[in-house]
Amino acid sequence: MPLDAANHPAIALKGGFRVQAIKGTVRAIGQSRVHMSGHTYAYVTFDLEDGSDFMLENVVVLNRVGSELEPGVAGTFYVISNKRATSLIAYQGTDGRSRDDVAAFQKSIRSGNLGIIFFLVTAWVVVSGFAGLILMALFRHAPFFVWVLYYIAPPVLIFRHVMKRIPSEAEIRAAIAA
């Protein structure tokens, strides 16, 4: 069941990410898979302030926020999501305590994208290497800068395109504060 957009507006960020605040109490937490930077829970169920309930499924909770996440904890929980993943990235309790994993979240997204970029660049070098051999046979006297542009420019453009689609830590913090 999606959150009511009127009571829980989502703030859109670049790259298809959006941040949404959930005000309520944690009712139940499902089984989890542990990884180095936190847990991936099958579900987290909330009792919202308006009396309804809400369930996040397959949600990633990093270590700092995860240390506060247990049934009965009340406050405002901040969720960031895109087409592929949902993460609980910040918590502000009714007792004044707060935790956030904004920096760790952004670092994990960037490092995951670096793996994808590495794969794409490697594939480009292999494919273009074969194409380059054919081009060298056809154009033996091409200037050096042509070969540099041919091998280097596409990976650099891929890297810039992927990395600029990730919201910065300041953008995420501004969305949480809004």
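Student: Is Thr76 buried or exposed?

Tutor: This is a predicted model, so read each value as computed from it. Buried means under 20% relative accessible area. Thr76 has a relative accessible area of 13%, so Thr76 is buried.

Student: Where does Thr76 lie, and which residues does Thr76 touch?

Tutor: Thr76 lies in strand S6. Leave out residues up to four places away in sequence, and Thr76 touches Ala21, Ile22, Lys23, Ala90, Tyr91 and Gln92.

Student: How many salt bridges does the structure hold?

Tutor: Five. One of them joins the side chains of Arg27 and Asp47, at 2.9 Å from N to O. That pair links distant parts of the chain. Arg27 is in strand S2 (residues 18–29), and Asp47 is in strand S4 (residues 38–48). The two residues are 20 residues apart.

Student: How accessible are Arg27 and Asp47?

Tutor: Partly exposed covers the range between buried, under 20%, and exposed, over 50%. Arg27 has a relative accessible area of 41%, so Arg27 is partly exposed. Asp47 has 33%, so Asp47 is partly exposed too.

Student: Which residue forms a salt bridge with Glu68?

Tutor: Arg97 does, with the closest N and O atoms 3.1 Å apart. This pair also links distant parts of the chain, 29 residues apart. Arg97 sits in the loop between strand S7 (86–93) and strand S8 (98–100). Glu68 sits in the loop between helix H1 (63–66) and strand S6 (74–81).

Student: Are Arg97 and Glu68 buried or partly exposed?

Tutor: Take each in turn. Arg97 counts as partly exposed, at 40% relative accessibility. Glu68 is buried, with a relative accessible area of 8%.

Student: What other salt bridge does Arg97 form, with Asp95 in mind?

Tutor: Asp95 pairs with Arg97, the closest N and O atoms being 3.1 Å apart. Salt bridges that share partners then join Glu68, Asp95, Arg97 and Arg99 into one network.

Student: Last, the surface. Which residues make the nonpolar patch?

Tutor: Patch members need over 30% relative accessible area and no salt bridge. Here Ile116, Phe119 and Leu120 make a nonpolar surface patch of about 290 Å². Ile116 lies in helix H2 (residues 102–138). Ile116 has a relative accessible area of 41%, so Ile116 is partly exposed.

How values were computed. Residues are numbered from 1 along each chain as its sequence is written. This is a predicted model: local features need pLDDT of at least 70, side-chain atom pairs count only at pLDDT 80 or more; totals for chains, interfaces and linings use all residues. Side-chain values use heavy atoms; hydrogens and water are left out. Patches are made of residues with over 30% relative accessible area and no salt bridge: like charges are joined within 9 Å, nonpolar side chains (Val, Leu, Ile, Met, Phe, Trp, Tyr) within 5 Å. Accessible areas come from the Shrake-Rupley method with a 1.4 Å probe; for residues, only the protein chains shown count as cover. A salt bridge is a side-chain nitrogen of Lys or Arg within 4 Å of a carboxyl oxygen of Asp or Glu. Helices (H or I, at least four residues) and strands (E, at least two) are DSSP runs, numbered from the N terminus. Buried means under 20% relative accessible area, exposed over 50%, partly exposed in between (1.4 Å probe, protein chains only). Contact means heavy atoms within 4.5 Å.
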